[in-house]
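Dear colleague,

I am handing over the structure below, and the notes that follow it cover what was found there. Please read them with the model open.

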Amino acid sequence: MRCIDTVAIYLSAVFLAGTLALLVRMPPLVGFLAAGFALNAAGVEELPQLDDLADLGVTLLLFSIGLKLDVRFLLRREVWLTATVHMALSVPLALGVLGGLGALGVGLIADDGFGALLLLGLALSFSSTVLVVKVLEERSESQSLYGRIAIGILIVQDLAAVVFILASERSWPSPWAFALVLLVPLAVPVRRLWSRLGHGEMQALFGVFIALVPGFALFEAVGLKGDVGALAMGLLLAGHPAAFELSRALLSVKDLLLVGFFLSIGFTGELSWATAGLGLALLVLLPVQGWLYMLLLRWARLRRRTSVLTGLTLTQNSEFGLIVVAVGVSAGMLEPHWLVVVSVAVAASFVLSSMVNRRSIDLVPLLTRTLPPLDPATLHPADRYVDLGDAQAVVMGMGRVGTAAYRRLVDAHGLETVGIEHDRNRVRQHTERGFRVLEADASDDEFWQRLADASQVRVAILAMPFHGTNQVALKQLLDSGFRGRIAAVAQYDDDARSLRESGADAVLQIYDGAGSEMADRAVAPRSTS
């Protein structure tokens, strides 16, 4: 079969499976996973470039994470301590489950020793960087408190996996690896160059170049993981004014390449009833591991809601677990069938996690009851309750549209206004400019209840960049009993119609607003100043 014919089969299967997933209200990646297993089962040859596309997608993903991450955040107790204690508890938990299955006579486990089961326990203790980041990006919550905690925990886990891989290969990085410290001072001229590249294709090309050449290729050349190199380059460039813009510019390229990653999972080995059944049986670990995340984060003095959202987001198996198992197989520590078993467990956990996270807001009230109470005065400073004070108007989402609405409410209408934003960096920038902006989350029902209880608040504006987030916030606001007027922004006609039907008093399509403002400025008298 010609390569072009194989590509056509792949594209047809991926598009059809992704569309079917959307029609049953599942994320497209669930369809991509199913397409990979279906193509493998149908005997379609694996594209030689599939693994390369998967590697490129994961590399750009980690580079994007680095761009938005404050490395100091990894040193916070709720990040590094939660990650390490969770791994320390999850490994013996998995060891016990696997040992129990072996004692029950499961043939695929009977001949494995303690060391093999311990390695499998380590592989099953990780959460998925790829899936979690995609979930957070779809919600526009990667910079929320729980999103940053989840990503920080994932990075600590990924670094632990990298240490294991290096140790298992019994090879050490080249002495030239120490020269990589020179990248730190070199980041200064690179950032200056970046500032001069404008906003077009050169910026996206710059991001791909940095991630793949000084990131992936250079680190691989000195014996280190290229994925870690891409993450390191992102960290070195984090904080640049164009970091968010570059991350958005790479979004479509990264998402297309990640399709290759999800497809490649289906080609890791031949399925059998025994391997599929054992892989599905391993899902019994997930609820306990998820609850462990919640309990540990509660122990770190985070609110119940933050702990639950972080735990739900992290409850799945990881693609890094597959890599660990593959290394174990190649080193003779594991039998080859374990790669198929863990592939099934990872794919099934992705499906389960996608279903759970789609209903995470509904699950929060139920799961918070399983966590111990805490005195609100002892909560983590970053997670204490928002005080609206004497605010008469609230603007949710302090991007360009929200900032303009904030100014108009204050300057033209004289209302005491407070802005709400989940991105800590944006909160800091607005605060430095004299705006009254608080850090909070659009899907936080406790925040909206406080807004409803603040009887002086007469106006709520939903100006977040993603329709789904505005829709969730509108539902929370109406459910809380808020009696003021609600206005929302939308980008498309169907989004605007949905918001009106859901109960918004006013909906403005952002392009209509831009056109009106442009016309007003065009006919205004010329300034003489």
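A charge is taken to sit over a ring if NZ of Lys or CZ of Arg is within 6 Å of the ring centre and within 35 degrees of the ring normal. By that test the charged end of Arg-433 sits over the ring of Phe-435, 5.1 Å from its centre.

This is a predicted model, in which local features need pLDDT of at least 70 and side-chain atom pairs count only at pLDDT 80 or more, while totals for chains, interfaces and linings use all residues. Residues are numbered from 1 along each chain as its sequence is written, and side-chain values use heavy atoms, with hydrogens and water left out.

Across the whole structure, a search finds three aromatic pairs (rings of Phe, Tyr and Trp, the last by its six-membered ring, with centres within 6.5 Å; planes under 30 degrees apart are stacked, over 60 edge-to-face, the rest tilted). The rings of Tyr-406 and Phe-435 have their centres 4.8 Å apart and their planes at 10 degrees, so this pair is stacked. Tyr-406 belongs to helix α20 (residues 400-411), whereas Phe-435 lies in the loop between α21 (424-432) and β3 (437-439), so the pair ties together parts that are 29 residues apart in sequence. Helices (H or I, at least four residues) and strands (E, at least two) are DSSP runs, numbered from the N terminus. Both Tyr-406 and Phe-435 are buried, that is, under 20% relative accessible area with a 1.4 Å probe and protein chains only.

With regards

Key:
Buried means under 20% relative accessible area, exposed over 50%, partly exposed in between (1.4 Å probe, protein chains only).
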